[in-house]
Amino acid sequence: MSKSILVVEDEKILRISLTDALKAEGYIVLAVADGNEALAALTEGDFSLVLTDIRLPGASGAEILQKSLAESPLTPVIMMTAYGSIKDAVSSIRTGAFDYITKPFDLDEILITVAKALEVQSMAEENIRLKKELSSYYGAPNIIGESKAMQAVFGLLGKVSRTDSTVLILGESGTGKELIASTIHYHSARKNKPIIRVNCAALPADLIESELFGYEKGAFTGAGARKPGRFDLADGGTIFLDEIGDLPLLTQTKILRVLEERTFERLGATGSVKVDVRIIAATNKDLVEEVKKGRFRDDLYYRLNVIPVVLPPLRQRKQDIPLLIDAFARRLGDRMGINASFSPEAVDALMNYSFSGNVRELLNIVERCMALSSEKTIRVADLPAHIVKTRPSARTPLLSLQDVTMEAEKSHIVKILQLTKGSRSKTAEILGISRKTLWEKINAHQLDL
Ligand SMILES: Nc1ncnc2c1ncn2[C@@H]1O[C@H](COP(=O)(O)OP(=O)(O)OP(=O)(O)O)[C@@H](O)[C@H]1O
Ligand SMILES: [Mg+2]
């Protein structure tokens, strides 16, 4: 998804070269020359970032900053200023600008500042998302589970939240690892500092280090400004190393050093940087197996495995399924403005299903049923077909093939009759039978029309 940037600059040549440079980076750009036009654009559009001159015809840069903060507080605003108005630039930082750049500048410098601002903003959004996910609904606890396994996890959470120990969360995909990680953070003394997630599986190997540790200005060609790494951003808070089992061996070594010494080297910096972070890692891989195969460093494994939290797959804690269904139905219903619940048979069918995608899969199924159902009660027939198919056959009535065929025929005729609003000639035509045969079948099935 492309990010959109509002550029406000009255000097034509600068405006055009900024626009071209930003477009070349893949951003969508709206460029205006006048302050009032900028205010109008902010009222109408949604921008990922605003880049504005301070002295402008029409409204001033300060007014644009205020407007942008009012419309969308998380959108970073970068001020551009000529030498003469540095004082204004500094005061704009106090009133909420992300950064300022003095003219003349080179375009690389702007591009780096823009990239950095967008990154910090997406982290801030991520934190808000996590906090929202954690806010409670109807005062119910956010992590649901009455099974012994989950009770044990809760007991452990209470204890580890109070400490600064490294936690390793293990569990299949969708078992709630990220939820547990953020719960630990928001119950810890670090709760007012950020929790920064690093998806180790999604970072390209050659970028991992600059992502994690940042770089100094001039560290390599193109490094026009200092870029903070995720460890810097997490300072004072928690870093969540998600999918740690997918980290390349080389980077494992660097992470090990941070764990051991709480310091790291930033690209292009002399000396090392000290950070105060709590580490939580998670993976759906079997790390012992990964160690055996030489894909995961054993010393890193031991460092991480200080307090392991194991989340069992949902199929091993079936008694949590009804609770989860109930909580999700209420939560989603609240959001969608629907009031629907699952019939006991539907809950039963779901309890008998083997969720390979765990809680996330269950959540998706509940959401889908809620969205599609027009009734207050969601029944077995409303569940996705693959769930009902895997039900054990104990309850299936022992019917002959002929009975089954008759049942299927009957329900199909009913469907088509409904579709044609009871028109027998149209129904016969669709079914490819004569009206007489249709009439016979309607009688045979005792269809009460
Ligand atoms: N015990 C639970 N109670 C309530 N909601 C839960 C529970 N476990 C998981 N969820 C919800 O299920 C979804 C998936 O959980 P989460 O993203 O934490 O899983 P994960 O283990 O990190 O998965 P993956 O390995 O695929 O990243 C989230 O929306 C989460 O809020
Ligand atoms: Mg996850």
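## A walk through the structure

Strand β4, residues 77–81, pairs with β5 in the parallel sense over 4 bridges. Within that pairing, threonine 81 has threonine 102 of β5 as its bridge partner. Keep in mind as you look around that this is a predicted model.

Now widen the view to the sheet these strands belong to. It is an open sheet of 5 strands, ordered β2-β1-β3-β4-β5, with parallel pairing. At its edges stand β2 (28–32) and β5 (99–102); each has a single partner strand, so one side of each is left without a neighbour in the sheet. On average, neighbouring strands here are turned by 15 degrees against each other, direction ignored. Helix α2, residues 35–44, packs on this sheet and touches β1 (4–8), β2 and β3 (49–53). The direction of α2 makes about 160 degrees with that of β1.

Next, let us visit another strand, β6, which covers residues 167–171. Since 5 of its 5 residues are buried, β6 is largely enclosed by the rest of the structure. Both of its faces are covered: Val167, Ile169 and Gly171 lie on one side, Leu168 and Leu170 on the other, and all are buried. β6 pairs in the parallel sense with β11 (residues 278–283) over 4 bridges, and with β12 (residues 307–311), also in the parallel sense, over 5 bridges. Isoleucine 169 takes part in both pairings: it stands opposite alanine 282 in β11, while its bridge partner in β12 is valine 309.

From here, turn to methionine 150, found in helix α6 (residues 148–162). Is this residue buried or exposed? Methionine 150 has a relative accessibility of 3%, so it counts as buried. Leaving aside residues up to four places away in sequence, it touches Ile143, Ile144, Gly145, Leu311, Arg317 and Asp320. Leucine 30, by contrast, is 120 residues from methionine 150 in sequence and 51 Å away in space, C-alpha to C-alpha.

Our last stop is a pair of helices. Two packed helices are described by the angle and the distance between their axes. The axes of α13 (residues 320–336) and α15 (residues 358–372) come within 9 Å and cross at roughly 45 degrees. The two helices are therefore oblique to each other, and their crossing is right-handed. Residues making the contact include Ile321, Leu324 and Phe328 of α13, and Val359, Leu362 and Glu367 of α15. Sorted by class, the contact has 13 nonpolar, 1 polar and 1 charged residues.

Methods. Residues numbered from 1 in each chain as written. Chains lettered and ligands numbered in written order. Predicted model: local features only at pLDDT ≥ 70, side-chain atom pairs only at ≥ 80, totals over all residues. Heavy atoms only, no water. Buried < 20%, exposed > 50% of the residue type's maximum accessible area, 1.4 Å probe, protein only. Contact = heavy atoms within 4.5 Å. Pairing = 2+ DSSP bridges. Axes fitted to C-alpha atoms, helices over the stretch in contact; angles between N-to-C directions. Parallel < 35°, antiparallel > 145°, perpendicular 65-115°, else oblique. Left-handed = near helix turned anticlockwise from the far one by under 90°. Nonpolar A, V, L, I, M, F, W, Y, C, P; charged D, E, K, R; others polar.
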